[in-house]
Amino acid sequence: MSKNLVIVESPAKAKTIQKYLGNDFEVTSSMGHIRDLPKKGMGINLETFTPDYEVPSDKKKLVSDLKARAKKAEIVWLASDEDREGEAIAWHLAEELKLKEDQTKRIVFHEITKNAILKAVENPRKIDENLVNAQQARRVLDRIVGFEMSPVLWKKVKTGLSAGRVQSVAVRLVVEREKEIQSFEPKHSYRVEGLFFNKEEKELSAKLKKDFATEQEAEDYLNLCSKNEFKVLNIEKKPGQRSASAPFTTSTLQQEASNRLGYSVTTTMRIAQRLYEEGYITYMRTDSVNLSQEAIASAKDSIIKEFGEEYSTPKNYTTKNTSAQEAHEAIRPTDFRLKSLGDVQLNKLYQLIYKRTMASQMAPAKIEKTLIEIGNSKLSQNFEAAGEVIVFDGFLRVYGITKNEEEENDSHNKILPKVNIGEMLHYKEITATEKFTKAAARYTEAALVKKLEELGIGRPSTYAPTIQTIQNREYVEKREVAAKEREILQITLSSSLKKEKRIEKYGFDKNKFLPTDIGIVVNDFLVNNFNEVLDYGFTARVEEAFDIIAEGNSSWKEVMAQFYEKFHPTIENVEEHAERATGDRILGSDPKTGKNVHARIGRFGAMIQIGEADDDEKPVFASLLPHQNIASITLEEALELFKIPFSLNDYEGKEVLVGVGRFGPYIKWGDIYISLPKNEDPLSVDNGRALEIIEEKKKADAPIATYKGEPVTKGVGRFGPFIKYTNLFVNVPKKYDFDKLSQSDIQELIEAKLEKEANRYIQQWTDQKFSLENGRWGPFIRFGKKMLKIPLTDKGEKYTPQELKEVSADEVKKWIIDQDETAFKEKAKKKTTKKK
């Protein structure tokens, strides 16, 4: 046993660090937190706000092993991450392992490199109790809010719902943006653009600086244009520059990875974690844009060597956020000589970080902007053509520019033809097009992170789990919003003046957040009854309170007491006096019965109800279609839903029915259910369309080949394209052309799957319904429908497949019971009472 035991959070981090320390050090992992608040019950004494921490059942064996190792070591080095969460992990380890203070050293490092690790070992410190208390305050406050507000939602809205301090505020942002969009009334104007030619017949497009408010004003202007000549009135050239952005913080990395790579916030943080643990980048949870002098010097050397002296402009950035203190440096590569990685997925994010850091130390790009004014003294407004030329690319050489939607439509970066002041131009076409103002855009993941950061809500470590949680709770969703159509007027002046109506599509959205019906109802209830907790300013002030605790300037339990003193009476008041929330909207009266038509949340989600619960005749119900919601559905749309399900003509002797189910609209043909294509209205499906869909399904399900005399079919499911052989579903990887699978491709895929299935089971106990199996991420226990973890060996290492073949059924049973105490217990039979 080594004299020194180093404990980190993850096996990957342990593996990297072990390379840099000698044989006197043994590096092991705690696999994250070794203890936490209990899963059941609040776990907090509300009189003293003392947490009741416990070691979860799946960590007990690991903790026993760590205790045994710690006893044998002369010094235990706690090397968890340097933020509040990492400090709390170190503190929990010290408390649970009962480490002596004189034998315990806390070390932190911003990057996992040999120099950083050795420097940390040379400069150990004690556990920072203030950082631990700040983390405890956050954990306890969030537990109190969640555990006291959630039962109120069960009583007043729907069972199974939950609330959270930061998550509920994030939902509020999405809901308020959607309400803003729904209430937005677009205003129209007329944008005038002209296409001109110089004497050399070179094209020059320009537009008026100001739009016209009315059709008549635009028409009058075009009539005036037809009677006048055009010439170049002025040419103005302005030197300009574009500067690089600062190196990445957590939030800016999440935003840029979303914009450039299309990554979700969760994906970005998962890959960044791997990059950090494998020693490629510095710590990825940070508010700071600062770079160390060593990093600046290293970047300078790389830039001069690769691009030349003129591209190097070393600079240090300062953080505007005063609470940016949890890390000392921005996210950057640990070695600027390493330009790319072999792992494709890691490399994409690494390249983004590498280029952003390099660009931040490079010279600004020099640009020459040109403005050409075209017109006539008799015209009320003149045209302007704008363009720019990059004189010196500077940081753009490495990083380029990401344009937003508005900049993509802007023509300022075009190359302009050479013209002279006073030169006559003739127009080919001048158009006045009716334009409508746009509502505020829905939030993308990147935009939501940016807004949360602007409001001071949450911290770098909370953005990813917050956004994931509000989706898991089904309060918000990403779904496609179909485009709408409207008529616009275009007036064109060429050889004559003509007007024509055009159809413009607008409102299409994809991959942006929309609130669900339940999300809107829950948000409105919380805002109406817990306005202070849902207030953006309050949530930001709570974060500031955590910062003050972290600085040692406030007692965390006093902060909890002050909060709870106001919060708990509100809970009691809402429980007693608040009305039940269903989001009920009365849409009008049913013309057949005269009864009220309601749109509301019911037991199984959003629905339409005709009639009242206390009527003699029971109300009738209909489910909303996927694209509909209770906040905006009209009476006409609601009444149409009661036409579903409906029958069409039989086809090939089988009944054809159109309906709406749990997974959306469908056609039922005999016993076969066929989902309707996305955004297709089930009410628009007639006999002809149903026949098309059925034939497409028949064609898709027709055998494409045979294997050993059995038919092989293909399809596309929730996990992508597949082929089906007997009862075997085989995923088809991207390297195959799914539309043109050859017989050899099919044989290869099926045989690989059969071989994989043969190697699937390490051991199987069919009579007891559990097995040890090989999975995508390694071996696991399958117990019924559950997938459970295999614990570590007594040495704290993973079992090898060969070792698992020797494990007894009784041992596996123990592993299962450690993770599920109710396993193998007979369930009590429900008593049935006979109706009198």
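The structure is a predicted model, in which local features need pLDDT of at least 70 and side-chain atom pairs count only at pLDDT 80 or more, while totals for chains, interfaces and linings use all residues. Residues are numbered from 1 along each chain as its sequence is written, and side-chain values use heavy atoms, with hydrogens and water left out.

For the chain, the mean pLDDT (the predictor's confidence in each residue, from 0 to 100) is 89, and 96% of the residues reach 70 or more. Over residues 405–409 pLDDT stays under 50, and for this stretch the model has three contacts (heavy atoms within 4.5 Å) beyond four places in sequence. Residues 830–836 likewise have pLDDT under 50 throughout, with zero contacts beyond four places in sequence. Where pLDDT is low, the predicted coordinates should not be read in detail.

The UniProt annotation "domain: Toprim", from an unreviewed entry, covers residues 3–112; UniProt positions are given in the numbering used here, feature names are shortened, and annotations may be inferred rather than shown by experiment. Over residues 3–112 the chain is 31% helix and 19% strand, and the end C-alpha atoms lie 22 Å apart. Helices (H or I, at least four residues) and strands (E, at least two) are DSSP runs, numbered from the N terminus.

Two packed helices are described by the angle between their axes and the distance between the axes. The axes are lines fitted to C-alpha atoms, for helices over the stretch in contact, and angles run from 0 to 180 degrees between N-to-C directions. Helix 14 (residues 463–472) takes part in a pairing with helix 13 (residues 445–454), in which the axes come within 11 Å and cross at roughly 120 degrees. The two helices are therefore oblique to each other, given that angles under 35 degrees count as roughly parallel, over 145 as roughly antiparallel, 65 to 115 as roughly perpendicular and the rest as oblique. In this pairing E445, L448, V449, L452 and E453 of helix 13 meet Y463, I467, I470 and Q471 of helix 14. By class, that contact has six nonpolar, one polar and two charged residues, where Ala, Val, Leu, Ile, Met, Phe, Trp, Tyr, Cys and Pro count as nonpolar, Asp, Glu, Lys and Arg as charged, and the others, Gly among them, as polar.

Helix 14 also packs with helix 6 (residues 165–183), at an angle of about 70 degrees and with the axes 9 Å apart, which makes helix 6 roughly perpendicular to helix 14. Here V166, Q167, A170 and V171 in helix 6 meet T466, T469 and I470 in helix 14, a contact with four nonpolar, three polar and no charged residues.

Elsewhere, helix 5 (residues 129–156) and helix 15 (residues 517–529) pack at about 115 degrees, with their axes 11 Å apart. M149, V152, L153 and K156 in helix 5 meet V522, F525 and L526 in helix 15, and by class this contact has six nonpolar, no polar and one charged residues.

Turning to the backbone, the peptide bond from I644 to P645 is cis, with omega near 0 degrees, and P645 is found in the loop between helix 19 (635–640) and strand 21 (646–651). M31, although not a glycine, has a positive phi of about 55 degrees; M31 is placed in the loop between strand 2 (25–29) and strand 3 (44–45).
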